[in-house]
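Good morning, and thank you for joining.

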Amino acid sequence: MSEFEARKREIILQAATYAFELPKLSSGLWFHNDIRNNFYYASYLFAAAQDKSLQLPFNREEAKQVASRVLHLVLELQDQNPLSATYGHWPLNLEPFPKEAPLNILPVELMGILMVFFNKTYAASLDEALRKTLYNSLSHIYRSQFFRKPLEHFGHHEAKYTASKLVFGQLFKDGELLEDGRQSLKQMLERVTTKGMSEYGALPWFWHWVQAFTCAWELTEDKSIRIEAAKILDYLWTVRSDYYLRGAWVGPHSRGLAHDIPRDSNVLFDYVQFGDFELPKDMPRTEYVGFLFYEAPTFARSKALNHAKPSEIKRIIPRTPGNTGELLHSYVYMTENFAVGGMWERSDEFDNEQHRWDISFPIGEGQAANQAYFFLPAVGNDTTDLRHQSGNTEVLFHQNVVLTLYPEAAIQSEALRGCLPKGKWIQEQYALFGQCGQVFMAVYLKQAYQIEEQEYLIMVTSPGGPNGVVIECISTDEAEQRGYADLQQFAQAMRQRLPRFYGGEDLSVEYTSLNGDLLELVKSTDGKVEQSINGIPVDWSEYTANAQH
C-alpha cells in the first residue's frame, strides 16, 4: 500500500467514525446547514463498512444501513420535475424543513460528478432500491444539462462544469457532450497556463478545481482526455507547491472562509499529498479527499517539502474577468519555518474576501492560529469575523519584513485589528516581541494597543485614525547565529531598531531591517504611494505569470 493510499484510508476511517456517532436530526439526516455534508459523510461511512481490511470501532452492517438511509434521504430531495427551472438540483441549506427548502445551483456542481464516482465504485454493493434511486438521480442530472454554460470567468464554477461534461458525457455515451467537455478542458488549460489563475489562493474553491479534474481523470476512459486532465492537474499541484509550508497556504488569498483565516484548516488534500504534518481531528471540509487522488509531479512535491534555502516567489496575477484594473502582483518570501507574503494591490474580490497579506507558520496541533496579520475592518464587518478588510491600506514587502500604513479607518471609531499566533510574547507600549515555534517576531505599531488572549490566538486592537505596523521575522537558528540566544536577547536587540513613523500631511514609515536594508513607505495626501528599498523604487519587472514554472 502506498503512503498516499494509507493516508486516504486514515481519512476514511476518521470521517466514518465521526459520522457513525453523529445524532440524527428530525429529518433523519445529520446536517441541515449544508446538504452536501450528508452525502460526503454517508459516502465515508459506507466505504468504511465495505472495506473489510479496516478495523472499525462500530458495527459494520449497522454502519452500512445508516449510510444507505442517509443517501436515500439526500437523493429524495432532488428536483426531478423536467419542467422546473431548478430541474436536477438539490436544496443547499435545509432549515427548517428539508423538503420545503429552496433549491440551489451549488450542490450538484461538485456533488453530481462525485455521485458518479460513488456509483461506479459501490453500485454493486448497494441495495437494489438505493442503486436504482442513485442512477435515477444521475439521469436527472444529465438531462438537466446544468453544465451547459459558456466559459466566462475561468474559475471554479467553470472547472466543475467542464468536469461534469466529461463525466456525464461518458456515463450516458453522449459523444457531443463529451466533445464539448474536451474543448472546454483545452480552453481552461490554455487559459491558466498562459495567463494564470484569477482565483489566487482561494479556499476551498481551489480544491474544487482539484476534485473536479481528479474525478474526471479517474473516471474517463478516453486516453486523450485523460492526458489533458493530467496536464491541468499537474499545473494545479505545481501552483499549490509554490505556496505550501507544512499544511499552510502562504501568501495572499482572493477568497477564504472563516475556518482558514487566521488558521489553515482545509488541509486534507495536502495531508494525502505531502503528509508532513499530523492529521487534524477537526475536518471542516472532508468532501471526497479520501476517495480521489492524483499524484503531484515529483518536482512539485520536492519543492513543497524542501525550503531549506529561503526563496522569493514573484507572480503576476490576472484580475477576475469583469474586475477592471491592472494586473495584480503577488509576493512571497519562503523559509523553512515561516513565510511572508501578500498582494501589492488592493482588489475588490467577491464578497470583499481578499486576504491581502500575512505571515504564515506551519500548522500546529489543535486549532491554534498559524497566521499573523493586521487589518482595518470593512464597513459593516462582523467583529467576530477576521476577514472583510477595508481597502485603505498600503504595503511594502521585502523578504522577512512587512511595512503597512493605514491612513484612515472608514469609520473613525473603528480600531486597527491584529491576529497573532499564540506563543511567548513581551509587551511594550508600541511593540510586541514574540516567539512562535522556531521563529522570533518583532511587531511595531505607530499607536498604542491592547491585547486579548483568546482561545486560538492573540487579538490586538489599536485606536482608529492614521496607524501603521512593521513586522520582522527571523528563525531562532539565525537569531542565535546573530547572538540572540533567547526571546529576551532578541527583544533587547530589536528595541534598538524601532521604525520611524511620520504622520504630518504625509503618512510614512522608515525601517532598517536586520539585514541592513532601508525600507520606506509613504502615502501622500494626494493619494500617491511611494515604496522603496535602499532608496530604489519597488520594481515589478521581475514578476512573471503564475503559470510559468
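This is a predicted model: local features need pLDDT of at least 70, side-chain atom pairs count only at pLDDT 80 or more; totals for chains, interfaces and linings use all residues.

Strand S12, residues 416-420, and strand S17, residues 458-462, run antiparallel and are joined by five bridges. Within this pair, Leu420 has Ile458 of S17 as its bridge partner.

The S12 and S17 pair belongs to an open sheet of nine strands, in the order S16-S17-S12-S9-S8-S7-S6-S5-S24, with mixed pairing. At the edges stand strand S16, residues 450-453, and S24, each of which pairs on one side only.

Let me turn to strand S5, which spans residues 311-317. Which strands does S5 pair with, and in what sense? With strand S6, residues 328-334, S5 runs antiparallel, and seven bridges join the two. In that pairing Ile313 stands opposite Val332 of S6. With strand S24, residues 544-545, S5 pairs in the parallel sense over two bridges. There, Ile316 is placed opposite Ala545 of S24.

For S23, the pairing with strand S22, residues 529-533, is antiparallel over two bridges. Ile533 has Ile536 in S23 as its bridge partner.

I now move to the helices. In general, two packed helices are described by the angle between their axes and the distance between the axes. How do helix H8, residues 205-219, and helix H9, residues 223-242, pack? Their axes are 9 Å apart, at an angle of about 150 degrees. With angles over 145 degrees counted as roughly antiparallel, H8 is therefore roughly antiparallel to H9. The crossing of the two is left-handed. On the H8 side, the residues in contact include Phe206, Trp207, Trp209, Phe213 and Trp217; on the H9 side, they include Ile232, Leu233, Leu236, Trp237 and Val239. By class, this contact has 13 nonpolar, one polar and three charged residues.

The other helix pair I wish to show is helix H4, residues 106-122, with helix H6, residues 156-171. Their axes come within 9 Å and cross at roughly 35 degrees. This crossing, too, is left-handed. Among the residues that meet are Leu106, Leu110, Ile113 and Val116 from H4, and Tyr161, Val167, Phe168 and Leu171 from H6. The contact of H4 with H6 divides into nine nonpolar, three polar and two charged residues.

Is Asn467 buried or exposed? Its relative accessibility is 1%, and since buried means under 20%, Asn467 counts as buried. Leaving aside neighbours within four places in sequence, Asn467 is in contact with Leu405, Tyr406, Leu416, Lys446, Gln447, Ser462 and Leu507. By contrast, the C-alpha atom of Arg143, 324 residues apart from Asn467 along the chain, is separated from that of Asn467 by 57 Å.

How values were computed: Residues are numbered from 1 along each chain as its sequence is written. Side-chain values use heavy atoms; hydrogens and water are left out. Buried means under 20% relative accessible area, exposed over 50%, partly exposed in between (1.4 Å probe, protein chains only). Helices (H or I, at least four residues) and strands (E, at least two) are DSSP runs, numbered from the N terminus. Two strands pair if DSSP finds at least two bridges between them. Axes are lines fitted to C-alpha atoms, for helices over the stretch in contact, and angles run from 0 to 180 degrees between N-to-C directions. Angles under 35 degrees count as roughly parallel, over 145 as roughly antiparallel, 65 to 115 as roughly perpendicular and the rest as oblique. A crossing is left-handed if the near helix is turned anticlockwise from the far one by less than a right angle, and right-handed if clockwise. Contact means heavy atoms within 4.5 Å. Ala, Val, Leu, Ile, Met, Phe, Trp, Tyr, Cys and Pro count as nonpolar, Asp, Glu, Lys and Arg as charged, and the others, Gly among them, as polar.
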